[in-house]
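Subject: Structure handover

Hi,

Here is the structure I promised to pass on to you. My notes on what turned up in it follow below.

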Amino acid sequence: MTIATYMMSSEAARDRLVTSFDQSTDRGLATLESRLAQHERALFVTRMFLDSSDDVTDADWSSFAGSLELAGQLPSITALAYVEESGDGLSITRLAMESGSDGFAEALIGSPEFRQAAEASAEENAVRLTPPIDGAIAMVLARAPADSATDPGWIMARVDLDALFASIGEHPYYALNIVDRASGRPLIEADGLPVSEPLVTRSMTVPVSGRDWRMHWVSTDAFEADHRDNSAWIVLAACLCVCGLIGTLLVVVARHEMAIRKTVELRTRELTAREDLNRSIIDNEISAMLIIDDDEVVIGGNDAAAQLFGFERDELDGIPLRRLIPSLASTERLSASMVEGRSRSGDTLFLDLQINYWRTSGDVPRATVLIRDVSEQTRTSRKLTENELRSNRALHEGEIGVFDINLTTGRSIASDSWFALMDVHPDEVKVNPQAFFHARIHPEDRHIVETADKDCIESRTERSISEYRIRASDGSWRWMRSVASVVERDANGKALRLLGVQSDITSLREAQSALRQSEERFRIFLSHAPVGMAVFNRDGYFVGLNEAMVKLTGYSETELLSMRFRDLMEDCEVASILDAIAKQQLSRTQGYQGEHRILGKSGEARWGLVNISWTFDVDRTSDVYIVQIQDISERHEIERLKSQFVATVSHELRTPLTSVKGALDLITGSMSDKLPKSSLRLLDIATINTNRLINLVNDILDLEKISAGRIDFHFEPESANLLVESAVSQTRTFAIQHDVHLNWRAQPDDYEVLADAGRLNQVLVNLISNACKFSKPGGKVELSFAPSGDMIKFIVRDEGVGIPAAKSHLIFRPFQQIDGSDTRERGGSGLGLNICRELLERMGGSIDFASKEGQGTTFWFCVPKAPPQAAGLPESLQISEGSLEELAPVRLSLSEPNSDEPAEGSQRMRILHVDADDRFTRMVSQWFDGGADVTAAHSLDVALEEIRNASFDVVLIDHNMVESTPSPIVEELGSRQPAAKIVPLNCQGGDLFCTGPSPYTDGTEDISRSLDRMRTQLRSVS
């Protein structure tokens, strides 16, 4: 039992000894891990600083390194450097705090261990360590991940191992050996190991930033002395002497507990000091820092974070992180750039974040969020980017390339527009655009560019200006122009930078060459032209002329060069030319043409077609005028004879045609009942052809008057509704003859046009007649008008044969028909549309059409609107408000067919003749021509449509077409036009008489076979 008790006591003492030893080593290990974490945070803060700007100067670097106060906060970091990849390998571009490094940084970056650590850091985006080298290690952090488009670079910190392991490796209770497991190199070797076998040892492998450190602790004599446990012997002695051993045991235990308490107190003070140190680092951190829990709620932060978000420091606790940074997608990412945050006042912040995760001693997850405010830099960067985009867009649109040459290195940078001018993609010129430029320049022009640049660099000229040829990608040569100047010189005046612009002047060069050739051709043309040509200056003096001008005027070349252009014309002619040219120059139009009389040296006046154009002469700094004079005297004489002949023939034809037409009308009107039907048919044909000849003669005379400018226009405001209504009334019979329905109804919105009513009526009648002639039987012609800006647009649309596209350009030419057979089948001179266009153009309007062959044609013309309520218009021409249907009926008078014109104030009667016999309706219409407007309807449906669309004074209706009493026509008239008179007609055995009574007539009317008597009876009922 004594031995068992001794064994148990020995084992318990051993366990207590190992536990105490582990607690001591754990505190040292925690201290080491805390120091390494602070070192890593310093590297991440440095990376955030470098990422905040694209142009960090040495002064910025030094200032930043000083602000870190690493010598006081992290004394084990003896050097902080920034390493970049260069053509010769890795090189240090920034270095700070190289305190006692003895060139360690430069020697280290060339080692393969550093290269491996750098590549691992870029691949894993984390801090990586090198093996120990000469008493130190290097901590490496890549500036950007390996898959980033950013140029590679690394932040390196040289860490002195003695300083890193200070107070950790030199502990009174243990000796510590640390070996880099991969390389086998020692990081720290313990001194003063116990000679005898150590009482307690401990070994473990610790992962540190990508490397495994093998750590081995050995207890020292001091530990063994302070923790010697004699409890087993005491137990053994107790067996011998219970009382003595118990007393001794109590003393030993008390002493042991006191030693442990002292050790714990010592370690507690050390941990408290370290905690205070860490807190001071956090509070004085230059970047904002927040500590969040597992629910992403802030549980702490430094003053910089409180100031950034506009809170007091104690107000940050309990605020959700997403309230401060709403745009943060996930906290799982270790870093995030350009994240939008929100301050307490609602201002938008642009932030760079670094998130580090860790756990408390109680295994509670926490995260530290390092925040850097880059709002000002971001806004500035965006403004710079916008300005750069605008500049690049302007350069691109203006085809201007910009280049910047470093005269020290001979290298250059260029804008995208420069690469576009050089016909090459920027990726194809990866090394030096300047070398590419010199390789493309024409060998003959290289010395021109080099000389101009040299003179500018050596201050002999202010700018380098040169024009040269560049070989394009397709092998062609293009002309370029460069303008450059020195923008930077050193203290001695040596040029350092040459900044310039480049533009493509190939088109300009070609234009200059073409201009020279054109001038040469013009000189040749001027001297050999068959028409008289000359050039005179702004004072009117001739400065150049050809031989044809000499022949035309009879003056010699010497005489003409001393004369002015106005000397060849009468003053009135010159004045009209000058006025026309002045107006055209104000309207920015070029060229004048007109016919004028040219006074020769002999005094003889000859007609000339004068063409004058002008252009700016750079040499004279004023306009010069080019005049061409074509002798058209013979043509004028021919036109005069032609006009005289046409007028004579037309007038000579009109007189006999009028007599023939009168005779035919008399025979048809008074003897129609005595002639056989065959003779009447011949008379109808003769009448139709006589009317066609009269229309042709009238068209020829109108065309001649328009061409000669002898036609008069009387412009008055006219109602568009009344104009169309009048034209429809005149063509309704013609439409019925062609079995075409005129679709027209007075429009509610009437407009007034400023035009000659008679001429505009002539246009409308012509267009409606054409539409009827070329429409298919049973078709319809639609009429309408609508405003179009300052004009009124009249539209005539048919459903006829259409106009072939090949003939569309001939429509408005004189004597043109759609087909050669049209003249025979449909009649017409081919002058109507030409006359319409001439009339409309002289009234300030225009005409055009659209057609699809086989589907119909739409003609439209525009005339100017009349000024509203034009002053001075007669009251009879002003249309009152309201629709036309509301106008009161007007009683009309009917005059004799051959009597004088109606008395002033009388109006033409409107008659609707309803009869299925087309010949009879034409006869009645022709007989009343001049005394009444007769509209024929060959069916009851047509008659009803006419009654709905127009008003009539008298309705003549065939008794046989009235099927019931009252008939539909009688009912329609009774409701729409109660004032109209109805005259039923019946033809039996050649006699024409009226039956009745009718409920809408004054009584039965006996009408004899004479149309004279019928006209008289109609006048009586009206």
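Contact here means heavy atoms within 4.5 Å. Helices (H or I, at least four residues) and strands (E, at least two) are DSSP runs, numbered from the N terminus. The model is predicted, so local features need pLDDT of at least 70 and side-chain atom pairs count only at pLDDT 80 or more, while totals for chains, interfaces and linings use all residues. Residues are numbered from 1 along each chain as its sequence is written, and side-chain values use heavy atoms, with hydrogens and water left out.

First, the overall picture. The chain has 29 helices and 36 strands. Of its 1022 residues, 41% are buried, where buried means under 20% relative accessible area, exposed over 50% and partly exposed in between (1.4 Å probe, protein chains only). Among contacts with a separation of 6 or more, 55% are between residues 24 or more positions apart.

Two helix pairs

Helix α23 (residues 757–773) and helix α25 (residues 832–842) have axes that come within 10 Å and cross at roughly 150°. That makes α23 roughly antiparallel to α25. Angles under 35 degrees count as roughly parallel, over 145 as roughly antiparallel, 65 to 115 as roughly perpendicular and the rest as oblique. The axes are lines fitted to C-alpha atoms, for helices over the stretch in contact, and angles run from 0 to 180 degrees between N-to-C directions. On the α23 side, Arg-759, Leu-760, Gln-762, Val-763, Asn-766, Leu-767 and Asn-770 meet Gly-832, Leu-833, Ile-835, Cys-836, Leu-839 and Leu-840 of α25. By class, this contact of α23 with α25 holds 8 nonpolar, 4 polar and 1 charged residues. Ala, Val, Leu, Ile, Met, Phe, Trp, Tyr, Cys and Pro count as nonpolar, Asp, Glu, Lys and Arg as charged, and the others, Gly among them, as polar.

For helix α27 (residues 940–949) and helix α28 (residues 968–976), the packing angle is about 5° and the axes are 10 Å apart. That makes α27 roughly parallel to α28. Leu-940, Ala-943, Leu-944, Ile-947 and Arg-948 of α27 meet Pro-968, Ile-969, Glu-972, Leu-973 and Arg-976 of α28. The contact of α27 with α28 has 7 nonpolar, no polar and 3 charged residues.

A covered strand

Strand β5 (residues 153–160) is mostly covered, with 8 of its 8 residues buried. In a regular strand the side chains alternate between the two faces of the sheet. Both faces of β5 are covered: one side has Gly-153, Ile-155, Ala-157 and Val-159, the other Trp-154, Met-156, Arg-158 and Asp-160, all buried. Strand β1 (residues 77–86) pairs with β5 in the antiparallel sense over 7 bridges; two strands pair if DSSP finds at least two bridges between them. The bridge partner of Ala-81 in β5 is Met-156. Strand β4 (residues 136–142) also runs antiparallel to β5, joined to it by 7 bridges, and Ala-142 has Trp-154 as its bridge partner in β5.

Which residues have a positive phi of about 55° without being a glycine? Asp-134 is one of them, in the loop between β3 (128–129) and β4, and it is exposed at a relative accessible area of 71%. Asp-739 also has a positive phi of about 55°. Asp-739 sits in the loop between α22 (720–737) and β26 (741–743) and is partly exposed, at 48% relative accessibility.

Best wishes
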